[in-house]
Amino acid sequence: MKDDRGWIPGARELDWIEGLAAPVEPALAAIEAAAAPNHIPIVDRDSGRVLSALAAGRRRIVEVGTAYGYSTLWLALGQPAGGTIVTIDPDRERTDLARGWWREAGIDDDRITVVSAKALEAFAANEPALAGPFDLAFIDALKPEYERYLDALIPRLAPGALVLADNVLWSGRVADPDNTDRTAETEALQAFDRRVLADGRFRSTILPVGDGLLVAGFRG
Ligand SMILES: C[S@@+](CC[C@H](N)C(=O)[O-])C[C@H]1O[C@@H](n2cnc3c(N)ncnc32)[C@H](O)[C@@H]1O
């Protein structure tokens, strides 16, 4: 909501925050540089900084959608020393490159496990690495599958876990009052947002950072 001065934060504030923030690690900058020309969708840097802050104290993390491992690395850098991440992506070409950047950032190989499979299939097969319990789950893969990722994740969450999901405002299409974009992605994200924010097992909100970051604290 706008405050009573009618002000909402914009580009000037984001630049100011970025100016105050710690410099981006070279491996993160390298991923940003590699992702853009190859059209690999990664979280915005602002969202990466939020992921890193929310990873503090979260020892066991699961991620759906790795790509070049940009969000994975933000999470790993925010975790306590020795924290672990299980990240799922069927695209080995991408995740092999990701491993190189994680090493460059000084993350030991045994901290990050890649599950090279479609997430719903890996969950259904009870892939051992996905047994949990997890202290934080980050969803960033196929938009029409977000609700089913959540269904698979809930039994794997520790009490007090955080669930985060990217792209939940979908460049403004989700909240468009005219609902002009009727794609499967937009409709799925609208349903996902409505469902999580109405689910009494979570205390949740959406941060208008990047493409919209859902933050849900699991009370179960
Ligand atoms: C938006 S990108 C992930 C970006 C990454 N989280 C980041 O910010 O650096 C989505 C990824 O989901 C992967 N993907 C596609 N289908 C998938 C599935 N069924 N299960 C898990 N991941 C999938 C794609 O290969 C792609 O790399």
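D91 is partly exposed, with a relative accessible area of 28%, where partly exposed lies between buried (under 20% relative accessible area) and exposed (over 50%), computed with a 1.4 Å probe on protein chains only. The side chain of D91 meets that of R94 in a salt bridge, a term that stands for a side-chain nitrogen of Lys or Arg within 4 Å of a carboxyl oxygen of Asp or Glu. R94 is likewise partly exposed, at 27% relative accessible area.

The model is predicted, so local features need pLDDT of at least 70 and side-chain atom pairs count only at pLDDT 80 or more, whereas totals for chains, interfaces and linings use all residues. Residues are numbered from 1 along each chain as its sequence is written, and side-chain values use heavy atoms, with hydrogens and water left out.

A search of the whole structure finds 12 salt bridges, including these:

| Pair | N to O distance |
|---|---|
| E18 and R45 | 2.9 Å |
| R45 and E32 | 2.8 Å |
| R94 and D91 | 3.2 Å |

E18 forms a salt bridge with R45, and this pair links distant parts of the chain, with E18 in helix α1 (residues 11-20) and R45 in helix α3 (residues 45-54), 27 residues apart; helices here are DSSP runs (H or I) of at least four residues, numbered from the N terminus. R45 also meets E32 in a salt bridge, and that pair joins helix α3 to helix α2 (residues 26-35) across 13 residues. E18 is partly exposed at 23% relative accessible area, and R45 is partly exposed at 31%. E18, E32, R45 and R49 are linked in a network of salt bridges.

Notes
Helix = DSSP H or I, 4+ residues; strand = E, 2+ residues; numbered from the N terminus.
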